[in-house]
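Subject: Structure for your review

Dear colleague,

Please find below the sequence and structure that I am handing over to you.

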Amino acid sequence: MVEAKSLRKAVISPSLLQNPSPANLQSTRLALHVNGERSSCSVYIASGCRLYRIDISMEDSFVIKGKESLLIPVQAQITHASLIDRCPHRSEIQSIALVDVDNDTSSILGSVDSYGHLIVSRMDATGTDVDRLSYSALPRDCAIGEGSWAGICFSTIHWSTAAVARSFCKSIDVYDQDIHIRSLRTLLYPTSLSFFAKFNLWGGAFLYSSCH
């Protein structure tokens with residue numbers, strides 16, 4: 001049974017994020033990274049065409065329960081907040097994904113906007129783009145048409161493999177870094193996307209998407 005060890009809330013300063021964008025109902029614009037000592041965590045948030053990073057202290061973690069065991073969040077201490085210095089998207093970001101690499105010393109951060117434009121960066125522990133190692137990929141239709149929800153996920157086997165789903169186009173594109181591998185068509189509008197590890201003699205992973 002999963003049990004909460006800490007529940008915290010943080011308020012972003014209006015000087016950093018003045019006018020948050022609404023995005024889509026299915027948007028996943030938040031990603032979390034906990035450091036090795038579990039004394040702090042980094043929260044990545046997307047709004048508009050930009051990405052932000054907020055460092056939150058996790059010391060003295062505890063859970064407050066109210067009536068009927070309702071969990072009450074504790075005000076978190078923000079140790080650092082900043083705009084991530086990298087190439088912005090041209091339209092509103094719909095989803096972001098984060099995967100840890102190199103024994104948690106760096107992370108791969110991916111984001112996709114409403115037209116399916118993918119941008120991936122390698123971030124170090126301080127949230128800096130490592131050696132400016134970023135790449136981007138456009139969908140096969142060059143992002144022509146109407147924007148809609150878009151989702152991103154990384155393979156559980158190879159972090160260089162990413163999948164991008166676009167709701168309005170009813171499509172899923174798979175990339176190996178910035179190289180397009182294949183396109184998949186869905187009968188309905190995709191609303192979520194994830195890889196599942198496949199344990200067999202050949203390895204690999206399953207790609208799962210839910211639609212409505």
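**Ile-152 and its surroundings**

Leaving aside residues up to four places away in sequence, Ile-152 touches Ser-95, Ile-96, Ala-97, Gly-110, Ser-111, Val-112, Leu-118, Ala-163 and Leu-193; contact here means heavy atoms within 4.5 Å. This is a predicted model, in which local features need pLDDT of at least 70 and side-chain atom pairs count only at pLDDT 80 or more, while totals for chains, interfaces and linings use all residues. Residues are numbered from 1 along each chain as its sequence is written, and side-chain values use heavy atoms, with hydrogens and water left out.

**Nonpolar cores**

A nonpolar core is a set of buried Ala, Val, Leu, Ile, Met, Phe, Trp, Tyr and Cys residues joined through side-chain atoms within 4.5 Å. Buried denotes under 20% relative accessible area, exposed over 50%, and partly exposed in between (1.4 Å probe, protein chains only). The largest core has 14 residues, of which Leu-118, Val-120, Ile-152 and Phe-154 touch the most other members. Two or more residues each are given to this core by strands E9 (93–101), E10, E11, E12 (129–137), E13 (150–154) and E14 (161–166); strands (E, at least two residues) and helices (H or I, at least four) are DSSP runs, numbered from the N terminus. E13 contributes the largest share, three residues. A second, separate core of nine residues includes Tyr-44, Leu-51, Ile-96 and Leu-109.

**Strands E13 and E14**

All five residues of E13 are buried. Ala-150, Ile-152 and Phe-154 lie on one side of this strand, with Gly-151 and Cys-153 on the other. E13 runs antiparallel to E14, and five bridges join the two; strands pair if DSSP finds at least two bridges between them. Val-164 in E14 is the bridge partner of Ile-152.

**Strands E10 and E11**

E10 (residues 106–113) is joined to E11 by seven bridges, again in an antiparallel arrangement. Ser-111 stands opposite Ile-119 in E11. Four residues separate the strands of this hairpin, and Gly-116 in the turn has a positive phi of about 85°. Strand E11 (residues 118–124) is largely enclosed by the rest of the structure, because six of its seven residues are buried.

**Cysteines**

A search of the whole structure finds zero disulfides, a disulfide being a pair of cysteine sulfur atoms within 2.5 Å. Cys-41 is buried, with a relative accessible area of 8%, whereas Cys-169 is partly exposed at 23%.

Yours sincerely
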